[in-house]
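Student: I have a structure here and would like to talk it through with you. Could we take it step by step?

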There are 2 protein chains.
Amino acid sequence: MNANTHPALVGSLSTPNPSVKLINFSPGPTSLPKAVEDEIAASFKKPGLTSLALSHRSPEFLNILDHVTASVKRIMDIPDDYEVLFTHGGGHGQFAAVPLNLCHDKSDIATYIVNGTWTERARDEAQKYCTVHTIDGRDPHTGGYTTFPELTEEEIDPKSKFVYLCSNETVNGIENHRLPKLPESRRNIPLVIDASSDFTTKPIDWHGDGVGVLFACASKNIGHPGVTLTVVRRDLLGKDKASPLCPGVFNYTITVEAGNLWNTPATFNIEVVGYLMDWLEREGGVAENERRSIAKSRILYDVIDNSDGFYGTPVQEKALRSRMNIPFNIKGGDEELTDEFLIQSWNEGMVGLRTLTPFGVGEYLRASLYNGITEEDAASLADFMQRFARENSG
Amino acid sequence: MNANTHPALVGSLSTPNPSVKLINFSPGPTSLPKAVEDEIAASFKKPGLTSLALSHRSPEFLNILDHVTASVKRIMDIPDDYEVLFTHGGGHGQFAAVPLNLCHDKSDIATYIVNGTWTERARDEAQKYCTVHTIDGRDPHTGGYTTFPELTEEEIDPKSKFVYLCSNETVNGIENHRLPKLPESRRNIPLVIDASSDFTTKPIDWHGDGVGVLFACASKNIGHPGVTLTVVRRDLLGKDKASPLCPGVFNYTITVEAGNLWNTPATFNIEVVGYLMDWLEREGGVAENERRSIAKSRILYDVIDNSDGFYGTPVQEKALRSRMNIPFNIKGGDEELTDEFLIQSWNEGMVGLRTLTPFGVGEYLRASLYNGITEEDAASLADFMQRFARENSG
């Protein structure tokens with residue numbers, strides 16, 4: 001990266017120009033839909049206590065908890081034999097919680113499909129608690145995570161307690177638009193899905209896809225950091241199933257038995273998830289949300305694909321391209337042009353295209369298109385990209 | 001409890017009467033000082049993104065994180081060889097994290113001073129990860145937690161990796177107004193303090209008291225649930241010190257090395273802690289805050305002690321009475337009068353005196369006097385208690 005400390009180059013999210021609309025393309029945490037943000041702001045003006053001040057055991061908070069739980073179940077079409085948990089510790093917490101709940105001891109086997117940054121981290125964490133078999137998703141030619149591996153019987157040990165995958169790898173820009181099917185003979189093995197960055201943007205066939213556990217940290221599509229939504233199929237619960245080493249705060253059975261109140265839940269953070277769910281329902285639910293996700297991402301991929309190589313994106317297989325996070329480089333990673341792109345787009349209010357992560361995304365910028373981004377917002381970026389390409393081609 | 005479902009009897013926190021001021025005596029989560037609540041509300045009206053929408057890697061959030069960290073260190077007089085962590089999973093998360101960080105394996109010894117509900121839970125959790133020696137604080141006569149045990153050399157194994165205590169037991173109403181001194185020959189053993197419910201209300205002599213780790217969930221004195229402030233003495237950190245079974249998200253060394261960004265921190269929840277710290281500094285810091293805590297609790301204990309037995313409180317030793325949580329019963333636990341007390345006080349806006357916890361506090365109501373409660377608020381309750389006693393004595 002350029003040593004220049006122009007705010008646009010170090011990921012500043014401040015309004016560069018108060019007269020332009022701020023569009024937040026951050027990979028998360030990020031903005032929620034404007035209507036939700038307005039509702040949150042309005043909640044601080046209502047008489048009575050805000051949920052920041054509510055005891056988690058008060059009837060007022062229990063109403064919120066019941067409402068959010070019912071909304072999530074209804075909107076995401078979650079069958080009755082699944083429990084909805086509001087868990088602590090973000091996605092990383094679940095990286096530990098999943099094997100600690102589903103494997104009783106280190107000899108239990110789990111199969112991890114590793115096709116990006118987050119499944120790498122999840123797999124590394126799981127190795128503390130179980131015997132991990134890895135299905136390596138790296139492209140054998142490039143060594144990069146640009147494909148999704150074929151799932152064969154041979155690669156999935158039938159004794160696996162679960163098969164783990166991340167349905168959208170935010171850093172790498174790979175998504176399963178529908179969950180992959182395990183080979184027929186392995187369909188009894190529960191799938192564990194990290195849906196942190198694509199939850200609510202497409203339907204889930206809970207039973208049909210054999211989902212055992214699905215979790216989504218709030219801070220991308222459904223809220224702000226501090227709570228993670230975890231959905232667990234009830235047959236995976238049980239006093240003696242989890243590892244005896246599982247911290248109580250991560251134990252699914254304890255959490256369910258205590259009605260999400262074994263310890264103090266993140267009350268306000270949960271209420272915000274509720275606002276998002278209400279918004280989603282008003283807007284037409286998952287089907288409409290998927291239509292929008294397809295439209296928002298298509299307009300950007302179209303600009304990239306039609307740029308005569310001015311823009312590039314790592315994932316070539318269109319069926320695997322993320323609708324949530326669109327990585328793109330400029331003239332093969334030209335540093336000067338990339339900086340110029342960042343500064344100009346930032347001046348027009350488009351922020352969050354470069355985040356200083358420790359993951360070394362290198363030459364790629366990334367436009368993240370979560371629920372806070374409208375079709376118009378994506379079109380603004382597409383428009384800017386086209387202009388920038390025109391002005392800097394040749 | 002009375003089967004009557006009057007909202008006052010099931011812990012409703014709604015304004016019973018819009019013309020009265022709501023005073024929230026909940027044991028936590030609870031209200032923050034009005035100036036802090038106003039500042040939070042105002043933050044949603046400012047131009048630009050609120051911290052709900054800030055990437056944790058943006059310069060804007062890093063400024064917040066730096067500011068909060070520096071404020072906590074300055075206001076709580078934390079020496080330079082301690083690190084401030086913003087951890088996940090609440091107090092219960094730390095019940096697991098403490099032994100997982102300070103004990104390498106199950107054979108390592110830790111000494112737990114158990115003198116109430118929360119140290120019981122912490123001890124039970126620790127038994128998964130280390131060899132626990134318990135110093136039992138129950139009163140040998142009543143079997144209740146109404147005293148603090150004497151700490152003798154014989155009871156503290158010199159090989160203990162730490163000695164654990166909770167400086168204020170919220171359910172039982174016992175507080176160490178200053179941290180107890182370990183016997184001379186045991187002073188090299190680090191103290192681990194659960195200060196969830198009394199942090200910021202009295203000074204801490206970090207080195208003098210041998211504090212190794214101190215944690216405080218935010219939702220009582222310093223914020224709202226979803227983040228926990230954990231302070232760790234640097235010599236206790238180190239790659240090989242924690243148990244290899246410690247989840248990454250609970251690992252102090254990983255958290256410190258990543259500057260609190262190993263995983264996404266609860267950004268907004270942390271910002272709120274910052275507002276509270278700014279407020280505390282403006283109001284005169286810990287010394288003034290302790291003066292207020294003494295005044296707020298004294299006025300209530302005085303009413304109890306001068307009520308000719310109309311009110312009772314379980315802890316008789318004044319030096320151990322909690323300034324944070326004042327448990328009291330009415331005429332030895334008279335159910336009808338207790339219900340009447342709850343309904344009348346609720347009608348006057350005083351809420352949170354009964355919380356439906358699973359801990360069976362039984363006959364006792366509880367007035368919690370965290371930072372959100374002013375001296376005037378405590379005086380209002382004292383005044384009500386006196387009136388109620390006058391009208392119902394004899």
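Student: Which residue forms a salt bridge with B:Arg234?
Tutor: Keep in mind that this is a predicted model. A salt bridge requires a Lys or Arg side-chain nitrogen within 4 Å of an Asp or Glu carboxyl oxygen. Here the closest N and O atoms are 2.8 Å apart, and the partner of B:Arg234 is B:Glu83.

Student: How many residues apart in sequence are the parts that this pair ties together?
Tutor: Start with where each partner sits: B:Glu83 belongs to strand β2 (residues 82-87) of chain B, while B:Arg234 lies in the loop between β10 (228-233) and α5 (252-257) of chain B. The pair therefore ties together parts whose separation in sequence is 151 residues.

Student: And over all chains, how many salt bridges does the structure hold?
Tutor: Side chains of opposite charge can pair when their charged atoms come close. The pair B:Arg234 and B:Glu83 forms a salt bridge. Over all chains, the number of salt bridges is 50.

Student: How many salt bridges does the rule find across the interface of chain B and chain A?
Tutor: Let's look at the interface itself: the contact takes 62 residues from chain B and 62 residues from chain A. The area buried between the two chains is about 4,700 Å², with carbon and sulfur atoms giving 64% of that area. For residue pairs in polar contact, both at pLDDT 80 or more, the rule finds 19. For salt bridges across this interface, the number is 0.

Student: Which helix of chain B gives the most to the side that touches chain A?
Tutor: Several helices of chain B each supply at least two residues to that side, namely α1 (34-43), α2 (59-75), α3 (90-102), α4 (117-126) and α6 (267-283). By class, the side of chain B that touches chain A has 27 nonpolar, 28 polar and 7 charged residues. With 4 residues, the helix that gives the most is α3(B).

Student: How many charged residues are in the contact of α6(A) with α7(A)?
Tutor: From α6(A) come A:Trp279, A:Leu280, A:Glu281 and A:Glu283, and from α7(A) come A:Gly285, A:Glu288, A:Asn289 and A:Arg292. Sorted by class, this contact has 2 nonpolar and 2 polar residues, and the number of charged ones is 4.

Student: What about chain B, where do the axes of α6(B) and α7 cross, and at roughly what angle?
Tutor: In chain B, B:Trp279, B:Leu280, B:Glu281 and B:Glu283 of α6(B) meet B:Gly285, B:Glu288, B:Asn289 and B:Arg292 of α7(B). The axes of α6(B) and α7 (residues 285-305) come within 7 Å, and they cross at roughly 85°.

Student: Where is A:Asp77 placed?
Tutor: Its backbone is worth a look, as phi of A:Asp77 is near 55°, a positive value in a residue other than glycine. The place of A:Asp77 is the loop between α2 (59-75) and β2 (82-87) of chain A.

Methods:
Residues numbered from 1 in each chain as written. Chains lettered and ligands numbered in written order. Predicted model: local features only at pLDDT ≥ 70, side-chain atom pairs only at ≥ 80, totals over all residues. Heavy atoms only, no water. Contact = heavy atoms within 4.5 Å. Buried area = accessible area lost by both parts, 1.4 Å probe. Polar contact = N/O pair within 3.5 Å; in protein donor to acceptor, adjacent residues only side chain to side chain. Nonpolar A, V, L, I, M, F, W, Y, C, P; charged D, E, K, R; others polar. Axes fitted to C-alpha atoms, helices over the stretch in contact; angles between N-to-C directions.
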